[in-house]
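Please study the sequence and the three-dimensional structure shown below. The paragraphs that follow lead through it step by step.

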Amino acid sequence: GLSRLKGVHYIENNADLEKQVVYRHSMLDDLRKAFLQQQFFILLQPKVRLTDDRLVGFESLVRWRKTDGSVVAPGDFIPLAEASGLIGKLDNQVLRLTCEAVKYLNAHDIYAPVSFNACSSELMNSSYIMNLTQIIREYDVDPRYLELEVTESQAAPEYQRISGALEGIMALGMDVSIDDFGTGYSSLAHITDLKATTLKIDRTFVTRLNTSHEHNYVIDMILDLGNQLGFKVIAEGVETEEQKQQLLQKGCQYGQGYLFAKPLTLDEAVLFSSVHAK
Ligand code: C2E
Ligand code: MG
Ligand code: MG
Ligand code: MG
């Protein structure tokens, strides 16, 4: 129902409810048309090694350019895409755009892996791996330049099926990251079951590094866990030099965030690569 949509926290009265329903319907209409009109595009956000700011990869982040030219961020349409069953189609589109990006980067002699986000609900789909394999073949990209970031979905996750899918994806030669680690499903109870190469520390912990001891401890714990269990660990949402230094002190090797770069266009990504080359 409506309450599942992010941003719709409470509804004050019936007139508001009606407005919300109408808004949601027209947005869903627009979203359906967006596929045909090819209104989705991706930006690439660099991931760097914290010791020297060298590029280690990119994350592909979807954007929706509507007919009126305005650009919508994923937080404002992914919940709707999920609730309306369009998320699989969307992630499929993003995978294709990501493959194109990898080809473009390779053509510019850049061989950094590009990750894309996938909802855990989609991974539970039995045809997911077959579809993934087909698209990788179709675009003729080397799977080692692709990486999957599994994000929490609103659907109740079935860990065994997700874990089985992740295992299959890694068998294709791709790395797997657990996104937004420390929040939601990616809890301690399940981490030993999930097959992955990397844990991404959620931005909320990085943001509150200074203000809360508890968040400090959570980061220490994730880094410790990563070390013990053999995961790489990357911190999301690094915005300040101070946060970077704190993360380095804690032994965090990788980071991503506005301090290094915002999500970039392909050409900006090529430029970034030449400045932050391996
Ligand atoms: P995420 O995968 O955790 O991606 C990181 C988000 O944090 C991105 O927001 C990025 O622009 C933002 N970010 C990165 N560095 C900083 C920083 O230093 N400060 C701040 N304040 N923000 C930073 P974006 O692009 O709006 O994406 C939001 C979320 O939407 C993503 O979170 C991801 O869960 C989801 N998403 C994005 N693209 C896709 C997609 O193609 N498919 C699916 N299923 N989800 C996607
Ligand atoms: Mg992500
Ligand atoms: Mg993330
Ligand atoms: Mg996040």
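Glu-149 has a relative accessibility of 0% and therefore counts as buried, the limit for that class being under 20%. This value, like every other in this text, belongs to a predicted model. Glu-149 is also one of the residues that hold a metal ion: the magnesium ion (ligand 2) is coordinated by Glu-59 (OE), Asn-117 (OD1), Glu-149 (OE) and Asp-179 (OD), at 2.1 to 2.2 Å. Because Asn-117 lies in strand β4 and Glu-149 in strand β5, this pair ties together parts that are 32 residues apart in sequence. Along the chain, the spacing of the donor residues of this ion can be written as E-x57-N-x31-E-x29-D. Asn-117 is buried too, since its relative accessible area is 19% and the limit is under 20%.

From ligand 3 the reader may pass on to the magnesium ion (ligand 4). Which residue bridges the magnesium ion (ligand 4) and the magnesium ion (ligand 3)? The bridging residue is Asp-180, and the two ions lie 3.1 Å apart. The protein donors of the magnesium ion (ligand 4) are Asp-180 (OD) and Glu-236 (OE), at 2.1 to 2.6 Å from the ion.

Glu-236 is buried because its relative accessible area of 12% falls under 20%. Asp-180, at 25% relative accessibility, counts as partly exposed, as this class lies between 20% and 50%. Most residues other than glycine have a negative phi. Asp-180 is not a glycine, yet its phi is positive, at about 50 degrees.

A polar atom in the side chain of Asp-180 lies 3.0 Å from an oxygen atom of ligand 1. The protein covers 85% of the 800 Å² of accessible area that ligand 1 has on its own. Asp-91 also approaches the ligand, with an N or O atom of its side chain 2.6 Å from a nitrogen atom of ligand 1. In the case of Val-62, a backbone N or O atom lies 3.3 Å from a nitrogen atom of ligand 1.

How many residues surround ligand 1? There are 24, and the closest are Arg-63, Asp-91, Asp-179, Glu-239 and Tyr-258. By type, the shell around ligand 1 divides into 10 nonpolar, five polar and nine charged residues. Several elements contribute to this shell: β2 (54-65), α3 (87-107), β4 (114-119), β5 (146-151) and β6 each supply at least two residues. Strand β2 gives the most, with four residues.

Strand β1 (residues 40-49) is mostly covered, as nine of its 10 residues are buried. Strand β1 also pairs with strand β9 (residues 254-255), again in the antiparallel sense, over two bridges. Here Arg-49 has Tyr-254 in β9 as its bridge partner.

Two further residues complete the tour. Asp-140 is placed in the loop between α5 (128-139) and β5, and although Asp-140 is not a glycine, its phi is positive, at about 55 degrees. Is Asp-140 buried or exposed? Asp-140 is exposed, because its relative accessible area of 58% is over 50%. Gln-245, in turn, lies in helix α10. With a relative accessible area of 36%, Gln-245 is partly exposed. The side chain of Gln-245 makes a polar contact with the side chain of Glu-241, at 2.7 Å. Gln-245 and His-25 are 220 residues apart in sequence and, from C-alpha to C-alpha, 47 Å apart in space.

Note on methods: Residues numbered from 1 in each chain as written. Chains lettered and ligands numbered in written order. Predicted model: local features only at pLDDT ≥ 70, side-chain atom pairs only at ≥ 80, totals over all residues. Heavy atoms only, no water. Donors = N, O, S within 2.8 Å, 3.2 Å for Na, K, Ca; no water. Buried < 20%, exposed > 50% of the residue type's maximum accessible area, 1.4 Å probe, protein only. Near = heavy atom within 4 Å. Polar contact = N/O pair within 3.5 Å; in protein donor to acceptor, adjacent residues only side chain to side chain. Areas by Shrake-Rupley, 256 points an atom, 1.4 Å probe, with all protein chains shown as cover. Nonpolar A, V, L, I, M, F, W, Y, C, P; charged D, E, K, R; others polar. Pairing = 2+ DSSP bridges.
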